[in-house]
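Me: I would like to go through the terms used for this model one at a time, with each value set against its cut-off. Please begin with the structure itself.

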Amino acid sequence: QKMQDLKMNTGNEGITFCSWNVKGIKEPIKRGKVLAHLKALKADVVFIQETHLKKDAEHRLKAKWIDKVYHSSFTHKSRGVAILIRKGISFKHTSTITDSDGRYI
């Protein structure tokens, strides 16, 4: 599994972006490990690919350190993407565009 980190300088503060193809986080143990690792990385905005979660499972991506969760899923146990935003990050949501095939959000 590979992760890509990108730090964006916004004045005195930096925002850390992380992108990760998790190859499925349906199983609670793997999902817990992924979320714990992301927390340890102190990623502010996380882009997750291949969640393999169904539409009604978005709540499974929530954790105490996460403020916002945006998820796009597919009808089968494949595909799926999510964006997680850490608490304390200044963020204003204006609109959401998702793909019915679970490939983008």
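Me: Which residues are exposed on the other side of α1?

Reply: On that side I29, K33 and A40 are exposed, where exposed means over 50% relative accessible area, buried under 20%, and partly exposed in between (1.4 Å probe, protein chains only). This is a predicted model, in which local features need pLDDT of at least 70 and side-chain atom pairs count only at pLDDT 80 or more, while totals for chains, interfaces and linings use all residues. Residues are numbered from 1 along each chain as its sequence is written, and side-chain values use heavy atoms, with hydrogens and water left out.

Me: What makes the buried residues of α1 lie on the same side?

Reply: The buried residues of α1 are R31, V34, L35 and L38. They cover an arc of only 95 degrees around the axis, taken from the directions from the helix axis to the C-beta atoms, and therefore sit on the same side of α1.

Me: Why is the contact of D44 with R86 called a salt bridge?

Reply: The term requires a side-chain nitrogen of Lys or Arg within 4 Å of a carboxyl oxygen of Asp or Glu, and D44 and R86 meet at 3.8 Å, N to O. The pair links distant parts of the chain, with D44 in the loop between α1 (28-41) and β3 (45-49) and R86 in strand β5 (residues 81-86), 42 residues apart. Both D44 and R86 are buried.

Me: How many salt bridges does the structure hold?

Reply: There are three salt bridges, including that of K68 with D67, at 3.8 Å, N to O. K68 counts as partly exposed because its relative accessible area is 33%, and D67 likewise because its value is 41%.

Me: Why is R79 called partly exposed?

Reply: Its relative accessibility is 22%, so R79 counts as partly exposed. R79 forms a salt bridge with D101, the closest N and O atoms being 3.9 Å apart. D101 lies in the segment after β5 and R79 in the loop between β4 (66-72) and β5, so the pair ties together parts that are 22 residues apart in sequence.

Notes. Helix = DSSP H or I, 4+ residues; strand = E, 2+ residues; numbered from the N terminus.
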